[in-house]
Amino acid sequence: MLGDPRTTRITGDATAAIHRRTEDVGAEAHPERHRDGPVAEAYCWSNLTSGDGSRALWLLLLPFMVVNLAHWMRPTAQGSDRAVRVYGVLVRLVALSLTVLLTAAACEVALDLVAWQCAGAPACSGGRSWLGFLSTRQDGWFSQPGRRLAVAAAVPAAVVGLLWFLSDRTWSAYESQRPLTGHETDDGSDADTDLAAGPETPLVRPALARPGFWYGRRLVARLRAAHTAAGLLTVAAAVGGTAVRYDLTDGSPVPAGAGALLCAGLALCALVVAAVVCHRGRSESRLDDRLDEAVTAYLPAGALGLLLCAVVYAGWSRPGWESSGVLPGETVFRVLTLSQGLLVVLLGAVALILHRRAPEPRTTLRGLGGPVVAMLACALGGVMTGGSAQRVADWLDGPGTPGMGAGADIPGPPVLLSWQASVIPVLLVLLLPPLGWLAVRTVRRARLLGPAVEAEYGESRPEPGRTRQIARARSAAALTDSAPGILGLLSAATLLLGTAAVTGSWLTGEVPGLAMDGSGPFVESLAETAQSTGSWLTGFGVILFVTWGRRAYRDVSARRTIGILWDVGTFWPRAAHPFAPPCYAERAVPDLTSRMCAWTASTRGRLVISGHSQGSVLAAAAVWQLPDAARRRVALLTYGSPVERLYGRWFPAYFGRIPLEGLERSVHCWRNLWRSTDPIGGPVRITESGGPETDRGPLRDPLVYGRTTEHPLPEPILGHSDYQADPAFAVERAALLERLRPGLPQQAAREERRGGDVQGSAGRSSG
């Protein structure tokens with residue numbers, strides 16, 4: 001980033017820090033040595049997203065991260081306080097359902113497939129010595145079904161405990177770090193009341209400028225308690241509910257009323273969990289140091305106590321109880337699937353209402369970006385759930401096929417999971433036509449761009465190969481703008497096919513391969529193919545997550561690649577799901593803001609903060625947090641920036657037209673560089689400005705068409721990288737520093753030579 005191997009850390013730690021060239025240390029004390037140009041500083045934050053090997057395990061939290069993004073994708077709202085709150089509640093309920101779903105998947109594997117089906121079937125448990133103490137063949141103390149379930153409950157309970165531990169550890173490292181400075185806002189608004197102000201209304205402080213936006217300590221602690229309790233209650237219901245159903249029959253030795261008392265306790269605690277999740281979301285108008293200790297301490301403890309009661313209740317001796325068939329997980333998964341679909345539909349209705357009240361032309365999918373992403377999060381959760389259950393069932397059943405009857409040692413997982421797996425090949429087939437059309441359109445666009453490329457460079461003797469290379473790069477970069485449509489089709493197809501899967505499993509009660517018997521050879525073969533292919537695809541998806549995580553744990557470069565993916569997903573605070581990977585911006589934004597405030601206050605100098613890619617988003621967020629006095633001394637230089645192209649379209653309430661125009665008016669000056677070959681960065685499209693235009697671009701890429709005297713070798717197409725190598729970068733940075741001078745007092749204008757350039761980028765993580 002600094003172009004010099006000799007660097008010195010100015011402030012910060014091993015996770016994130018400010019660096020300078022060694023020769024620039026102490027530049028403020030010797031301004032005469034730095035009259036020829038600015039002093040560069042680099043803020044390196046790559047370890048926040050791609051640090052030690054344990055970060056690779058965050059891949060397994062992908063559904064939680066995706067649903068957390070849906071919270072921030074709501075459309076711009078204007079005077080719609082109630083609708084905004086309903087939107088937040090619906091997203092948090094979808095997030096809660098994912099916690100219950102993945103806990104139920106762990107229960108399905110450990111309790112149903114292993115402890116209930118395999119340990120209860122001598123043909124399955126006979127060849128597995130590790131199941132010997134649970135097997136009915138040995139007729140030991142643990143061979144009773146209730147006691148087998150009580151022992152197996154340790155597995156899903158441990159999964160919930162691990163999620164709690166990871167969330168608590170990252171909460172201490174990220175959300176609990178109080179920003180150095182903060183000022184109270186006077187509008188009394190929070191993230192669930194919107195920030196937009198129309199042209200005819202007074203400017204309202206945008207959400208990202210509020211002091212409590214990057215301080216989610218209280219909310220994450222409360223949601224962590226609720227989700228931990230929900231997971232433990234799911235395990236308790238799976239263990240205790242099975243025993244309660246048996247005790248409803250005649251001859252149970254368990255005291256009457258014990259089961260009813262347990263069910264009442266579970267229901268009451270579940271209502272408390274729902275109330276905590278539905279509670280008003282974030283408070284951003286101030287730095288909120290309070291903790292809801294009654295919730296954070298007693299709710300998980302109460303759920304754990306109920307789980308222990310359920311284990312004791314299930315372990316009560318019931319000599320006549322024998323396990324057969326499957327546990328009633330079918331109903332649980334159906335209810336969860338239908339609930340998620342209904343919540344997503346309601347979320348879409350609220351999003352459309354918000355978008356129609358304050359329409360933004362550039363908003364993705366007419367405001368439906370959040371519901372689309374929420375649906376995809378549910379689909380990811382379903383793939384992980386079904387894949388785990390299907391692969392474990394195949395492993396336990398040996399050569400048999402679970403669910404297909406003859407030759408199977410165990411009945412297998414719930415029928416719904418087989419139906420959901422069977423629709424995955426259908427979904428992929430449905431996506432082929434739009435993907436093919438997109439590929440054809442990209443090729444045609446590249447051909448049409450050829451003459452424009454040659455005219456731009458003014459080549460008298462153009463080379464067809466070079467022209468095609470540049471045109472293809474520009475056409476491929478434009479594919480980013482088509483992604484919303486593909487994701488919308490994928491989400492809609494997932495919703496419809498998921499509904500069909502629930503309906504098919506409910507009406508037939510059999511896996512697709514058996515349900516289609518008698519429908520003709522072609523239909524039967526098609527159903528069996530879809531079932532087997534889908535089963536392996538879901539299992540392959542889970543294996544892919546695990547292998548990626550293992551490779552990233554062992555390979556630093558692979559871990560860095562995963563860190564790049566996490567740059568976008570973990571930029572936003574954990575406002576919907578506490579088990580999502582932590583928000584690195586809650587450390588990075590206060591770091592940058594504190595450095596800029598401290599430097600401008602001590603030197604009264606001028607400063608250009610420049611950011612590339614995701615670093616430009618951090619730079620904008622940090623400038624929003626600056627007090628007015630410091631902001632007047634700061635210019636903003638962004639390049640390869642997704643601020644408008646991605647964030648403005650997908651997160652319009654926070655990076656839409658109105659917030660970006662407000663940012664442009666609040667800083668002294670802002671310039672944005674972009675290329676047409678860049679698949680990520682783009683213009684910020686700010687039209688209201690009293691000074692020079694904010695955007696400069698598209699920059700030429702490559703710099704020259706062919707070989708020249710100054711460039712005897714062919715120049716590469718840089719795309720999203722190496723913006724600083726373009727001469728326009730140095731020109732624009734110098735122009736910004738010069739534009740800062742007239743607005744500063746004379747003393748400050750002299751002392752600006754002691755100042756410098758703070759570069760907000762992710763270093764190796766974001767270029």
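What share of the 767 residues in the protein is buried?

1. **Burial overall.** Buried residues make up 56% of the 767. Buried means under 20% relative accessible area, exposed means over 50%, and partly exposed lies in between, using a 1.4 Å probe and protein chains only. Keep in mind that this is a predicted model: local features need pLDDT of at least 70, side-chain atom pairs count only at pLDDT 80 or more, and totals for chains, interfaces and linings use all residues. Residues are numbered from 1 along each chain as its sequence is written, and side-chain values use heavy atoms, with hydrogens and water left out.

2. **Overall make-up.** The protein has 24 helices and eight strands. These are DSSP runs numbered from the N terminus: helices are H or I with at least four residues, strands are E with at least two. Contact means heavy atoms within 4.5 Å. Take the contacts between residues at least 6 apart in sequence: 80% of them join residues at least 24 apart.

3. **Surface.** The accessible surface of the protein comes to about 32200 Å². Carbon and sulfur atoms hold 61% of that surface. Accessible areas come from the Shrake-Rupley method with a 1.4 Å probe; for residues, only the protein chains shown count as cover.

4. **Helix α1.** This helix spans residues 62-72 and is mostly covered. Eleven of its eleven residues are buried. Among them are Leu62, Phe64, Asn68, His71 and Trp72.

5. **The disulfide.** A disulfide is a pair of cysteine sulfur atoms within 2.5 Å. By this rule the count is one disulfide. Cys118 and Cys124 form it, with their sulfur atoms 2.0 Å apart. The link is left-handed, with -90° about the S-S bond. Cys118 is buried at a relative accessible area of 0%. Cys124 is also buried, at 0%.

6. **Two further cysteines.** Cys107 counts as buried at 6% relative accessibility. Cys269 counts as buried at 9%.

7. **Arg574.** Where does Arg574 sit? It is found in the loop between α16 (556-569) and α17 (585-603). Arg574 is buried because its relative accessible area is 1%. Its side chain makes a polar contact with the side chain of Glu175, at 2.8 Å. A polar contact is a pair of N or O atoms within 3.5 Å; within protein, one must be able to donate a hydrogen and the other to accept it, and residues adjacent in sequence count only if both atoms are side-chain atoms. The backbone oxygen of Ala580 lies 2.9 Å from a polar atom of the Arg574 side chain. Leaving aside neighbours within four places in sequence, Arg574 is in contact with residues including Asn68, Trp171, Leu219 and Pro581.

8. **Arg334.** This residue lies in helix α9 (residues 329-357). Arg334 is buried, with a relative accessible area of 18%. Not counting residues up to four places away in sequence, Arg334 touches Leu416, Val502, Ser505 and Trp506.

9. **Second largest pocket.** Its volume is about 900 Å³. It is lined by 34 residues, and the closest to its centre are Val100, Leu233, Thr234, Ala237 and Val332. On a 1 Å grid over the protein atoms alone, a pocket is an open set of points where a 1.4 Å probe fits, with protein on both sides within 12 Å along at least five of seven lines; lining residues have an atom within 4 Å of a point. Grid points are joined across faces, edges and corners, and a volume is the space filled by probe spheres set on the points. α2 (81-118), α6 (217-247), α7 (258-278) and α9 each supply at least two lining residues. α6 gives the most, with ten.
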